[in-house]
Amino acid sequence: MSRQVQEAQWSQLSELIAGSMGLHFPRERQEDLERGFTSAAQELGFEDAAVCMDWLLTEPLNKSQLQVLASHLTIGETYFYRDPQLLEAMAEQILPELIRNRRGRDQRLHIWSAACCSGEEAYTLAILVHRLLPDLHDWRVTITATDINTRFLQKASVGRYGEWSFRDTPAWLKQRYFKHSENGLYTVIPEIKKLVTFAHLNLVEDTYPSSATDTNGLDVIFCRNVLMYFTPRQVKKVISNLSGTLVEDGWLIVSPSEASQALFPQFTSVNFPGAILFQKGEASHIAETRLKQVSEFTTSTTPLPLPRESTTDLRENPESSALNDQPGMTAPFHDVLATAQVLYKEGHYAEVADNLLAVLSEHHSKSSSNPAVLSLLTRALANLGRLTTALIWCDRWIEADKLNPAAHYLRAVILLEHGDPERARPSLQRTVYLHPGFVLAHFALGNIARGRKRMHEAGRYFSNALRLLRDYEPNDLLPETDCLTASRLTEIITIAIAKKNIS
């Protein structure tokens with residue numbers, strides 16, 4: 001084929017493709033271009049690729065020609081839960097923060113999977129949202145997924161995948177969110193499929209932001225493994241357009257190999273464990289915003305972690321061990337509790353609450369004073385926003401396990417969410433009395449003192465928290481939270497002290 005096509009023609013074709021699709025085929029990728037174009041020429045009805053090239057170079061490409069070229073020149077390598085550290089940052093910090101800020105106000109989430117390929121990424125995002133929103137029906141969730149390759153979009157719309165799409169994927173994802181058919185394929189379940197809308201979009205040529213394509217007012221954009229194939233000029237243009245689609249403080253997620261701050265002057269890079277993400281806005285503004293958001297951490301509706309044992313050191317105790325060796329617990333009831341714990345991990349808080357309340361009414365004498373039961377029930381109710389009922393059961397938990405600092409801390413969290421910091425303060429003080437090393441209790445007391453304009457008292461609690469944080473590794477997750485690391489809380493407190501003249 002290279003004998004039939006002149007070198008200058010390859011250069012012209014490469015420029016044409018770069019201008020119309022953004023795809024960059026430098027000399028070292030010419031074999032990829034030749035292979036893809038040979039296949040495209042045959043589909044366009046040409047046995048001789050050189051004749052096809054002459055035809056294409058004579059006038060601008062039309063839409064159908066672009067689609068044929070895109071189907072042969074774009075790469076369809078993807079799978080579910082790809083880049084787990086990026087997705088963990090999304091599931092444990094970014095989405096919970098958005099949910100916390102929007103709950104009870106403007107309950108919406110708008111996510112865009114740009115260059116979605118065959119849909120695995122978009123459905124993964126839908127699954128993450130589903131797991132984090134037990135009250136999903138009360139939210140307006142829009143997940144827009146676009147690609148230039150219409151054949152990829154056709155497969156994505158069907159939502160049926162083989163085993164190869166699940167390589168390196170957690171087992172729960174396939175088991176919970178897909179239906180297995182006899183032909184060995186897996187179809188995404190309807191409740192996930194309906195969250196995603198697929199559409200054709202050319203990142204280089206099409207206009208966005210646009211309400212017509214649901215590419216405006218976005219909270220998060222995933223644009224992974226795309227920019228690396230664009231020309232430098234097109235990369236700059238696309239990033240600028242993507243920035244325009246995001247709300248202030250919105251997030252742009254690119255692949256680790258594309259995460260260079262030099263490419264994203266409109267964004268501030270934010271480090272997460274094993275991942276670098278980009279947030280729209282100036283660094284100073286983002287730092288102030290994140291300080292405000294996380295300073296309200298104790299009023300967060302981010303899902304509470306599974307209960308830990310009641311001991312003096314919350315850092316050293318394994319999760320869920322409180323379910324073992326419970327005195328007086330019958331085997332069937334133990335099974336119900338174990339099932340409830342699995343449901344809790346999957347975010348099915350309503351089922352957890354309903355099942356445990358039913359068992360409590362049926363086996364009142366055996367279970368109403370069981371700390372493991374009361375802890376799990378309280379957390380499920382709190383995550384559902386049923387705060388009054390959660391407080392009742394939390395008080396019963398405290399009555400059954402008076403020396404458990406986690407119980408007193410959770411009581412304070414519920415009261416803070418209820419907008420009652422004065423009643424929360426004694427519970428936090430009790431937490432610190434029972435466990436002086438409980439970092440988040442010191443932090444919450446500092447926030448309450450700051451809200452009361454008692455800066456010296458706030459400084460004392462914040463200083464205590466900073467001192468305790470030195471015992472943690474930077475990326476350690478703090479007890480009683482699934483999303484706040486020691487380094488992040490240290491940063492937040494340091495900024496708070498500096499900005500508010502706290503001594």
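1. Basis. The model is predicted, and local features need pLDDT of at least 70, side-chain atom pairs count only at pLDDT 80 or more, while totals for chains, interfaces and linings use all residues. Residues are numbered from 1 along each chain as its sequence is written, and side-chain values use heavy atoms, with hydrogens and water left out.

2. Overall content. The protein has 21 helices and ten strands; these are DSSP runs numbered from the N terminus, helices being H or I with at least four residues and strands E with at least two. Of the 503 residues, 55% are buried, where buried means under 20% relative accessible area, exposed over 50% and partly exposed in between, with a 1.4 Å probe and protein chains only. Among contacts (heavy atoms within 4.5 Å) with a separation of 6 or more, 69% are between residues 24 or more positions apart.

3. Aromatic pairs. The structure contains 16 aromatic pairs. The rings of Phe, Tyr and Trp (its six-membered ring) pair if their centres lie within 6.5 Å; planes under 30 degrees apart count as stacked, over 60 as edge-to-face and the rest as tilted. Tyr-81 and Trp-172 are edge-to-face because their planes stand at 85 degrees, with ring centres 6.1 Å apart. This pair links distant parts of the chain, 91 residues apart: Tyr-81 is in the loop between α4 (63–73) and α5 (84–102), and Trp-172 is in helix α8 (residues 171–177). Tyr-81 counts as buried at 11% relative accessibility, whereas Trp-172 is partly exposed at 25%.

4. Phe-264 is buried, with a relative accessible area of 0%, and Phe-267 is buried at 3%. Elsewhere, ring pairs join Phe-80, Tyr-123, Tyr-161, Phe-166, Phe-178, Tyr-186 and Phe-198 into a cluster.

5. Charges over rings. The criterion is NZ of Lys or CZ of Arg within 6 Å of the ring centre and within 35 degrees of the ring normal. The charged end of Arg-176 sits over the ring of Tyr-177, at 4.7 Å from the centre. Arg-488 lies over the face of Phe-272, 5.3 Å from the ring centre.

6. Helix α7. In α7 (residues 150–158), the buried residues are Phe-152, Leu-153 and Ala-156. Viewed down the axis, they fall within an arc of 95 degrees and therefore line one face of the helix; the arc is that of the directions from the helix axis to the C-beta atoms. These buried residues pack against α6 (120–132), β2 (140–147), β3 (160–161) and β6 (196–200). Gly-159 follows α7 and has a positive phi, near 75 degrees.

7. Ser-118. This residue lies in the loop between β1 (108–114) and α6 and is buried, with a relative accessible area of 5%. Its side chain makes a polar contact of 2.6 Å with the side chain of Glu-120. A polar contact is a pair of N or O atoms within 3.5 Å; within protein, one must be able to donate a hydrogen and the other to accept it, and residues adjacent in sequence count only if both atoms are side-chain atoms. Not counting residues up to four places away in sequence, Ser-118 touches Thr-78, Phe-152, Lys-155, Ala-156 and Tyr-161. Phe-152 and Ala-156 are among the buried residues of α7, and Tyr-161 belongs to the ring cluster.

8. Helix α10. With 14 residues, α10 (residues 232–245) reaches 20 Å from its first C-alpha to its last, close to the 20 Å expected at 1.5 Å a residue; the expected span is 1.5 Å times one less than the number of residues. Its buried residues are Gln-234, Val-235, Val-238, Ile-239, Leu-242, Ser-243 and Thr-245.

9. Helix α19. Ile-448 lies in α19 (residues 439–451) and is buried at 7% relative accessible area. Leaving aside neighbours within four places in sequence, Ile-448 contacts Leu-416, Pro-421, Arg-425 and Leu-428. Leu-416 is 32 residues from Ile-448 in sequence and 9.5 Å from it in space, C-alpha to C-alpha. Asn-447, in the helix α19, is buried at 12%. The side chains of Asn-447 and Arg-450 are joined by a polar contact of 3.3 Å.
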